[in-house]
Amino acid sequence: MSKKNVVLAFSGGLDTAFCTVYLREQGYDVTTVTVDTGGFPPEQLERIAALSQQLGAVEHVTVDARETLFQGYLRYLIAGNVLRGQVYPLSVSAERACQAVEVVRVAREKGTQALAHGSTGAGNDQVRFDVAFRSLAPELELLTPIRTLSLSRQQELSYLAERGVHMPPKLGSYSVNEGMWGTSVGGAETLDSWKSLPEAAFPGGELPADLKPRPLTIGFEKGVPVSLDGEKLGPVKLVEALNALGRTYGIGRGIHLGDTILGIKGRVGFEAPAAHLLVTAHRELEKLVLSGKQLFWKESMGNLYGSLLHEGHFFDPLVKDLEAFLTSSQERVTGEVRLVLHARTQVVEGVRSPHSLMDAKVATYGEANVLWNGSEAAGFAKLYGVAQMLSHRAK
């Protein structure tokens, strides 16, 4: 009898290492797939591939999905100025959706009968992978060994050690998940709503005391970042450059407190320099070129888009409707934004665009202008307040 084939979303960590060996012993031929959404240096990808072979996988596939991540997910988060709770970039949410799509694509190419992931039953990722796999490939068997067996970390380590596989012990006090759109940091402090993470817990570490202000200019074309300090860059290179630069200033560090998909409150530390710099700059450019009503509804639609992505609803048809709206809203979002970096913060210094709605030749706020005269302004102000005047009288 021939074995079943399974494609496993593989990070190279303890959980997915356990899944590889366990599934193989359950009679599956395991193909491991690592989807690079940023945060994987070449030597780490090589280590992951070697580990897969050591664990007995029949094949390992590495997918460079950084460009896919930007074009399919991050460009809409920028267009929507999406920061959950006004602070947290949806780095993990976007990565998991992108990774799930790529894993399914590989499974289809390989003609496998099953899909697997190594998420536990405690967090958001299990829901994101489950929903994506069942939406995109409902005919394939779904295997979740870690969640099904409810094993502790020590039990997984012992299981692998008995089979000659010795995984390195967890190093340090913090769990770090690094990606192109941000790095999440978990530790004892994030389990308590009162405590804060020390500077050393963030990938950028403690900041030097002698940081000098650093000006930079980000250019956009139709809402997409295209240049840094006048140099044209592709989106992946630009995001990576902003991460490297912003990290030295501690830009985009914080702790997000919010609701998980499972309905409980959760806290996570994060460091996301590029996300914070790009959203800050993009929002300022939109203020210059979009109408007030566009800005109002964009904020609502952007928040809705972010919620759908974060909560595992990325494959609901509404997502594509929102992407169409966000794309349409970016037609005039072209120009440059000038920022200055300081320790832990960025300041907008200026913005310019060929589509600017701010024209000093026509109207200057608080001063005279050529669009109306004083008597016309007085009539407008009187009519503008009629409804409130009548309401007040009715009291």
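## The open sheet

Four strands form an open sheet in the order 6-7-12-11, with antiparallel pairing. This is a predicted model: local features need pLDDT of at least 70, side-chain atom pairs count only at pLDDT 80 or more, and totals for chains, interfaces and linings use all residues. Residues are numbered from 1 along each chain as its sequence is written, and side-chain values use heavy atoms, without hydrogens and water.

Strands (E, at least two residues) and helices (H or I, at least four) are DSSP runs, numbered from the N terminus. Two strands pair if DSSP finds at least two bridges between them. Strand 6 and strand 11 (253-259) stand at the edges with a single partner strand each, so one side of each has no neighbour in the sheet. Antiparallel strands 6 and 7 are joined by 5 bridges. Val 176 stands opposite Val 185 in strand 7.

## The second largest pocket

This pocket has a volume of about 290 Å³. A pocket is an open set of points on a 1 Å grid over the protein atoms alone, where a 1.4 Å probe fits, with protein on both sides within 12 Å along at least five of seven lines; lining residues have an atom within 4 Å of a point. The volume is the space filled by probe spheres set on the points, which are joined across faces, edges and corners.

Of the 20 lining residues, the closest to the centre are Gly 38, Gly 39, Glu 178, Gly 179 and Glu 240. Elements giving two or more residues are helix 2 (42-55), strand 6 (175-179), strand 7 (182-186) and helix 8 (235-247). Helix 8 gives the most, with 4 residues.
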